[in-house]
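The following questions and answers examine the packing of one protein chain. The structure is shown first.

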Amino acid sequence: MADAMGRREFLKAAALGTAGMAAAGLFGTSVFAGETEAVSGETPSRSEQAVPFKGKKKFAGVGSVRKVSDDTYYIGASDKRLELFENVYPIPRGISYNSYIIFDEKTALLDTVDKSVTGQYFENMDAILGTQTLDYLIVNHMEPDHSAAISEVLVRHPETKVVTTAAAAILLNQFFDCDISDRLITVKEGDTLELGRHTLTFVEAPMVHWPEVMMTFDMMTGVLYSADAFGTFGALDGNLFADEVNFEQDWLPDARRYYTNIVGKYGSQVQDVLAKAASIDIKMICPLHGPVWRENLGWFIGKYDLWSRYEPEDRAVMVVYGSIYGGTESAANALAAKLSQDGVANVAVYDVSRTHVSELVAEAFRVSHIVLASITYNAGIFTPMRSFLLDLEDHALANRTFAIIENGSWQPVSGDLMREITDSLSGSEYIGDKLTFMSSPDSDDYIAICDLADQIANDVKDGAGKAAAEDETVTEAEGTSAQGWRCRVCGYIYEGENLPDDYVCPVCGAGPDQFEKL
Ligand code: FEO
């Protein structure tokens with residue numbers, strides 16, 4: 001069959017999915033048919049598939065291929081056409097689906113891509129792999145944005161074994177209605193896979209962000225293949241590494257929006273993974289979306305630490321209002337103006353009807369103080385405001401300080417109802433009493449709004465002062481308790497009574513003469 005089939009027919013059959021492949025006789029009888037025999041002679045061997053590549057193009061310049069480290073390559077692809085990620089989240093900057101391949105005595109592919117980018121993906125893979133065998137497909141995450149191409153990989157590479165968790169194997173069967181038991185290697189926490197020079201070890205990461213998720217750590221290169229963790233919305237424009245872009249300016253808002261909306265609910269599970277990560281020497285993080293991290297890893301891990309502990313990044317205020325005829329909007333704007341006049345920088349005001357809720361959720365994770373101003377609607381909370389608050393509840397936001405403003409032309413009730421939801425969030429605190437006005441704020445209402453702004457501003461600044469004092473105290477405490485030797489060049493601390501004569505600073509390379517005793 002394979003001899004008679006050209007590449008075009010092969011791809012056409014592959015495009016038709018399982019049924020098309022079966023109709024074309026490409027599955028053999030064992031891979032998807034529920035049998036456990038070895039792949040039959042009907043399945044084309046790698047060399048018989050007439051892929052017109054020789055496997056010698058291991059360099060950037062083919063599609064979106066980038067070199068990650070010595071013998072490790074990025075072969076993923078980006079989608080700039082998709083409007084809504086997960087059919088929920090707007091992605092005006094697109095999205096990348098990352099996949100990596102390690103060349104060693106054994107060759108390993110780490111995850112695949114979404115079906116929307118399989119054209120680019122297989123062009124990359126064919127160019128870099130050519131007619132070489134693909135020994136392993138490591139599936140860290142079974143969500144279809146990373147697993148959709150698994151069936152085609154397995155058809156193209158009948159020699160490939162799938163390495164994944166037992167939980168992922170169940171999902172694989174559900175999504176593809178297949179039996180790959182004769183090609184499956186299930187692994188668990190701490191198991192290792194030898195490729196030759198590379199030894200891979202597996203780290204279970206349940207609920208980051210599905211239950212079957214694992215991460216793969218390359219013990220030779222120090223690369224952590226982190227699944228969805230440390231991912232972000234945004235297409236890759238040739239730049240693969242976070243240090244090749246202005247990440248903080250151009251990517252951080254999307255990274256925050258990605259984390260908070262996709263993984264935000266599972267803070268404790270993320271904390272578990274961060275604790276495991278702290279025990280290994282990670283030199284690079286290769287996520288399934290967005291840039292790869294090879295520098296400044298601590299900065300981004302720090303963001304994850306804050307987000308997953310539900311601690312604000314900034315002592316800052318967001319004002320969210322729901323307004324129909326402008327009265328509540330006026331109150332919100334007056335409050336924001338007074339906050340700014342009181343010295344609160346970067347106050348962010350959002351019309352809840354005009355801002356996608358995923359942006360509001362991300363901002364709520366960023367700031368310390370949230371002002372909610374809503375009209376009363378159908379004897380309840382204005383619908384978009386209610387949706388926003390329920391989204392905060394769904395994402396387990398905690399430890400925020402709220403102020404509440406309600407409006408109603410005959411029976412205002414939105415304030416108490418908003419408070420019921422914010423009360424359900426862990427660690428909620430409040431500034432001032434609920435502020436109520438009827439239809440549009442009058443002069444007394446504006447005075448009350450200014451008073452509320454003053455209280456919020458004082459709390460923001462007091463908190464900032466306390467945080468700074470706490471930092472100072474910690475630094476002093478660290479200073480007094482530190483023991484060992486400090487590098488005068490970079491500040492690195494060697495913990496030990498005696499500095500070895502031949503010691504070299506692991507950070508800056510300074511010799512022992514540059515160290516001072518603490
Ligand atoms: Fe990017 Fe959970 O998938």
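Q: In this predicted model, which residues of the largest nonpolar core touch the most other members?
A: The largest nonpolar core holds 91 residues. Helix α7, spanning residues 247-263, gives the most to this core, with 8 residues. The members that touch the most others are Ile101, Leu109, Tyr121, Ile138 and Tyr304.

Q: How many residues form the other core, which lies apart from that one?
A: Val352, Ile381, Phe388 and Leu389 are among the members of this other core. The number of residues in it is 28.

Q: With which residues is Leu109 in contact, leaving aside its neighbours within four places in sequence?
A: Contact here requires heavy atoms within 4.5 Å. With those neighbours left aside, the contacts of Leu109 are Ile75, Ser99, Tyr100, Ile101, Tyr121, Met125, Leu134, Tyr136, Leu137, Ile138 and Val153.

Q: Why do the buried residues of α13 line one face of the helix?
A: Helix α13 covers residues 414-423, and its buried residues are Ser414, Gly415, Met418, Ile421 and Thr422. Viewed down the axis of α13, these buried residues line one face because they fall within an arc of 125°.

Q: Which elements are included in what covers the buried residues of α13?
A: The cover includes one helix, α12 (383-394). It also includes the strands β19 (369-377), β20 (380-381), β21 (401-407) and β22 (429-430).

Q: What percentage of the residues in the protein chain is buried?
A: The protein chain has 518 residues, with 14 helices and 26 strands. A residue counts as buried under 20% relative accessible area. Buried residues make up 53%.

Terms used. Residues numbered from 1 in each chain as written. Predicted model: local features only at pLDDT ≥ 70, side-chain atom pairs only at ≥ 80, totals over all residues. Heavy atoms only, no water. Core = buried A, V, L, I, M, F, W, Y, C linked by side-chain atoms within 4.5 Å. Buried < 20%, exposed > 50% of the residue type's maximum accessible area, 1.4 Å probe, protein only. Helix = DSSP H or I, 4+ residues; strand = E, 2+ residues; numbered from the N terminus. Arc of directions from axis to C-beta.
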